[in-house]
Amino acid sequence: MLTIKCAKCNKKIMKYEKIGQGKVLRCYLSRIKNIYCRQDDNLLICECGNVIGIFEENWIKMKQHSFTYSGTKIK
């Protein structure tokens, strides 16, 4: 389970179940456990105004370098 945080203010964005060892490029909605920030139109935005990702069909396309994460990935 990964904890994804904002790169600017370090606030918690979401809890995500990552499968595989690759980068976090997109977060599938079915694997997201909790979202702690606001959602405006098709954007996932932190409280500080940092845009974290863009909602697509059934996933969130994550903006690289706008977030950090910690935790373990499932192999």
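Me: Asp-41 sits in the loop joining β5 (38-40) to β6 (43-45). What makes a stretch a strand here?
Reply: Strands are DSSP runs of E with at least two residues, numbered from the N terminus. By the way, this is a predicted model, where local features need pLDDT of at least 70, side-chain atom pairs count only at pLDDT 80 or more, and totals for chains, interfaces and linings use all residues. Residues are numbered from 1 along each chain as its sequence is written, and side-chain values use heavy atoms, leaving out hydrogens and water.

Me: Why is Asp-41 called exposed?
Reply: Exposed means over 50% relative accessible area (buried is under 20%, partly exposed in between; 1.4 Å probe, protein chains only). Asp-41 has 80% relative accessibility, so it counts as exposed.

Me: What stands out about the phi of Asp-41?
Reply: Its phi is positive, about 50°, though Asp-41 isn't a glycine. Most residues other than glycine have a negative phi. Asn-10 also has a positive phi, near 65°, and is in the loop between β1 (2-6) and β2 (12-16).

Me: How do you know that β7 (residues 51-55) and β8 (residues 59-62) pair?
Reply: Pairing takes at least two DSSP bridges between the strands. These two have three bridges, so they pair, in the antiparallel sense. Gly-53, for one, is bridged to Met-62 in β8.

Me: What makes β3 (26-28) and β5 edge strands?
Reply: The open sheet of five strands runs β3-β8-β7-β6-β5, with antiparallel pairing. β3 and β5 each pair on one side only. From one strand to the next, the twist averages 30° (axes are lines fitted to C-alpha atoms, with angles from 0 to 180 degrees between N-to-C directions).

Terms used: Helices (H or I, at least four residues) and strands (E, at least two) are DSSP runs, numbered from the N terminus.
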